[in-house]
Structures are given as structure tokens and as C-alpha cells.
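This report describes selected local features of one structure, from helix ends to strand pairing and side-chain contacts. The sequence and the coordinates are shown first.

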Amino acid sequence: MGKYKRKSSSKASKKKSLDSLNPINLNAAGIDIGADSHWVSVPADRDEQPVREFKCYTLNLYALADWLKQCQVETVVMESTGVYWIPVFQILETRGLEVLLVNSHHVKTVPGRKSDVLDCQWLQQLHSYSLLAGSFRPRDEICVLRSYIRHQDNLIRSAGTHVQRMQQALTQMNLQLHRVISDITGKTGLKIIRAMVAGERNPQTLASFKDGRIRRTSEEIAAALIGDYRAEHLFVLQQELQLYEMYQQQIAQCDQEIEAYLTNLDSQIELEAIEPLKKSPLTKKYSSNTPAFDLATHLYRISGVDFTRIDGLGVLTVQTILSEVGLDPSRFPTVKHFTSWLGLCPGSRVSGGKVKSSQTRLVVNRAANSFRMAAHALRRSQTALGAFFRRLRSRLGTPKAITATAHKLARIFYYLWTKGGEYHDPGIDIYEQQYQQRVLKNLQRKADQLGFELVVKASSA
């Protein structure tokens, strides 16, 4: 019985521990974001009604900002899902307030909440004790660029859906175009599909549209274009082709907006000092979605570093990464902070002095996905990074090798981001020599521990 009493008293002390803390952020407010209205809480001594409800209309958001200024609030924390927080965040930020968006999961893990406290009051109390950390958000000029690029990604995904439907219509007519050319939306594929929609049925005539770079002969292409041209499938093919071409026009307009916006961003390096960018063999292979303008030069100019010299990082990959992480590396104090935010570093779940798990955290991050895609592109690269990826793949498997290589790419990116300079590939031969030296060093250490003598035989010519 006495044991039970001691346990209950310890619980009561834990509940009171939060109230006994001294506030750090005295001018803090908390906002619970909703779809229809937002609940706002300020310190109790700032207003007769410290908790108020504001509608989601713009005039109400201006009134919310005025009220926070009237209450001498300097920092605001908000909890939200979806995109309802964005207008509130932007309006309060333009008024000079420090605004933090917190993860709802982090708020729930803080113990001591009472049931009769509103969410906004609980947020305000935790923020006054500086117990909440805001989610990363780049500066406003990068957020604009990020919105353009994310919208363009959505357009590309939508266009890909219509490509799949074109492929389905061709398959239903038993037109095996995808077996003789690699991309049905390439130069040859679109010419053939447009001719089909226009009424051409002669396979030899359709095969004559082939580009000179295609390895398949005209006879092989003609044999693949003999099928059952049914009216309903041709109608679907026509509409999906029109929708695909419409999305391509929208993507081109988005490229124009991105180019115009990149031109207005401040330069970290003068245009006269930028030499013609020498592409590595890996970056010469452009994607079909590569814009028509010189994107690599713009990215070099605004960042001051040519990240495309890193093996695996193409110009579109660098554009996505910079739009997600911004141009200010000081937001991440160390490389460990950067890789932890990306969710690429090994976990550190240690209990009782034993490592329970080193699995990486599950993080939804576009920049991390870009690094993973760049790592996967190194699987056949004859570079040091390519050898690193293949060595890990043989030992750990492909998924873990991709994550580990993406982690290495992120560290190289951060070093260039903070220190500047250029990346130079040491070469696959030097990497293999360094790896062999590390293996020999470890074997020598183990031999010394066991009292043996390590004898290295010279390889025969």
C-alpha cells in the first residue's frame, strides 16, 4: 500500500513540474489552425479575453495580426495539417512576428496536458517554456521558387498518367510500339501516334517516321504496328494525346516562369566569372523534362557552387534540392543536422549501452528523395561514388546501399554548400586502393590483438 502511495505522489510531482518552470518566451502566443476558424491564445495578462476565435477570411487574419501586435506578442507557434496554415504564416511573418510551425506529433509527446485546456492555450504554454521546435521553412524568395517547381512536378506526374493511358490504348489494339522504341513520347513515337490519330494505317508508312538513331529496322517497327484499329480505342488514344500535349504546353509555360524568377534572384557569383559548365558523362544524359533554358548556369549563379559536378546530381535534381533547402546553409549548423533533417543518417536508438536499432527515420522529404534518386543513378557509374555504391550493394543490398550513398552525397553537398569550391572525382582506381588500405589496416590491428603477424604477398604481374 505504501508503495502505491509513493508512486502516485511521483505522478503528481510530474504534473506539477511543468507549472514550476520559469517562462523563457514571455511574449509568446499559440494558434490552433482550423479549416473554418483559428483559435488564438496570448498570455493571460495581455488582454481581458486572452483566448479568441478568428474566422479564416483575410480581413479576420489582418485583425488577428493587429490583436497580436496590440498584445505585444513577438513569437507565435501554430499547429496545423494540410495547407490552412500558409496564409496565416505569411501574413504574420510580413508583420515582423517570428512564426513557428510545429509537428503535431511533437506536441502530443509532451506530457502534462490537462483535459480542460484548449489546444491554443497548450501551445502557448509550451512555447513560453521554449519546449517546441519549429519545422524548417526556407526563406520567402525560395518558397516562391519551390511553389513553381512543386507545381511543375504535379504537371509532369499528370502528363505521365496520360502516357500510361495512351500505352493502354495501344496495347488493347495490339500495337506493340513500346517494344521497338524506348519511349512512345519521343520524337518517333509521337510522330507515329499523331499519324495513327490522323487516319494512317499502313505499317510501312508509319515505320518510315523512325528517327535515324533508333536501332530497330523499319521492318521490325512495321511488324509491331500491325494491329486491330478499333474506333473506341482510337478515340481514347486521340483524347489522351491531346491531354498529354496540353500538359506539355503547361510545363513549358511553367519553365518560362521559373526562368524569369531565377533571373531576378540575387547572384552569388558574377556571370563573367562563370566558365562554360563542363558536364560529366553522367550529366550529359538529360531527361525529357529538362527545360529549354540554361538552368545549370542560373543555379550556379544563385548558389555560387556548381553542384552538377557531383556525380549523380543532374541539373533537375539540384534544382529540386535547392528549392527545398534554400540558399542559406546557416539554417543547418552542422552536417549532422542537415542529414538528420533529410532522414538519411543512421538512427541512434541506444538503450542500456546497446544499440537497439540504427534504422533511418521515416521522413517525407523531397530533397531526400532527390538524393536517393541520384544515388540510384550511380549503379553503373565508373566513378568513386559508383564503386562505393556497388560495394555497399554487394554487402547490404540495394535499398540500404541507396540510403547510404544518398547520405554520402548529402554530406558532399553540404560541404560544398558551406565551404564552396568544386568537387573532383578521385577516380575508381584511387577509391579501390584506399579501400584496400583500410582493409589491410583493420586486418593488421586484429592480427596485433591476437598476437599474429600479418604477411602481405605481392600480387604477381
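This is a predicted model: local features need pLDDT of at least 70, side-chain atom pairs count only at pLDDT 80 or more; totals for chains, interfaces and linings use all residues.

## Helix H6 and the residue after it

Helix H6 itself comprises residues 140-172, which makes 33 residues. At 1.5 Å a residue the helix should span 48 Å, and the end C-alpha atoms are 49 Å apart, so the two values agree.

Helix H17 covers residues 428-450. Its 23 residues reach 33 Å from the first C-alpha to the last, close to the 33 Å expected at 1.5 Å a residue. Just after H17, Gly451 takes a positive phi of about 80°.

Val439 has its place in H17. Together with Leu440, Leu443 and Val456, Val439 makes a nonpolar surface patch of about 300 Å². The relative accessibility of Val439 is 34%, and Val439 therefore counts as partly exposed. As background to helical segments, an α-helix has 3.6 residues a turn, so residues three or four places apart point the same way.

## The five-stranded sheet

Five strands form an open sheet in the order E3-E2-E1-E4-E5, and their pairing is mixed. Strand E3 (51-55) and strand E5 (98-102) stand at the edges; each has a single partner strand, so one side of each is left without a neighbour in the sheet. On average, neighbouring strands of this sheet are turned by 25° against each other, with direction ignored.

Within the sheet, strand E1 (residues 28-32) pairs with strand E2 (residues 37-41) in the antiparallel sense, over 3 bridges. In this pairing, Ile31 stands opposite Val40 in E2.

The loop between helix H2 (58-70) and strand E4 (75-79) contains Gln72. Gln72 has a positive phi of about 60° although it is not a glycine. The relative accessible area of Gln72 is 55%, so this residue is exposed.

## The E6-E7 hairpin

Strand E6 (residues 349-351) and strand E7 (residues 354-357) run antiparallel and are joined by 3 bridges. Ser351 stands opposite Lys354 in E7. The two strands form a hairpin with 2 residues between them. In the turn, Gly352 has a positive phi of about 65°.

## Salt bridges

The count of salt bridges comes to 12. One of them joins Arg366 to Asp153, with the closest N and O atoms 3.7 Å apart. Arg366 lies in helix H14 (residues 366-376) and Asp153 in helix H6, so this pair ties together parts that are 213 residues apart in sequence. Arg366 is partly exposed, at a relative accessible area of 30%.

Which residues are linked with Asp211 in a network of salt bridges? The network consists of Lys187, Asp211 and Arg213. Between Asp211 and Arg213, the closest N and O atoms are 2.9 Å apart. Asp211 has a relative accessibility of 17% and counts as buried, whereas Arg213 has 70% and counts as exposed. A further salt bridge forms between the side chains of Arg309 and Asp306, at 3.3 Å from N to O. Arg309 counts as partly exposed at 23% relative accessibility, while Asp306 is buried, with a relative accessible area of 6%.

How values were computed. Residues are numbered from 1 along each chain as its sequence is written. Side-chain values use heavy atoms; hydrogens and water are left out. Helices (H or I, at least four residues) and strands (E, at least two) are DSSP runs, numbered from the N terminus. The expected span of a helix is 1.5 Å times one less than its number of residues. Two strands pair if DSSP finds at least two bridges between them. Patches are made of residues with over 30% relative accessible area and no salt bridge: like charges are joined within 9 Å, nonpolar side chains (Val, Leu, Ile, Met, Phe, Trp, Tyr) within 5 Å. Accessible areas come from the Shrake-Rupley method with a 1.4 Å probe; for residues, only the protein chains shown count as cover. A salt bridge is a side-chain nitrogen of Lys or Arg within 4 Å of a carboxyl oxygen of Asp or Glu. Buried means under 20% relative accessible area, exposed over 50%, partly exposed in between (1.4 Å probe, protein chains only). Axes are lines fitted to C-alpha atoms, for helices over the stretch in contact, and angles run from 0 to 180 degrees between N-to-C directions.
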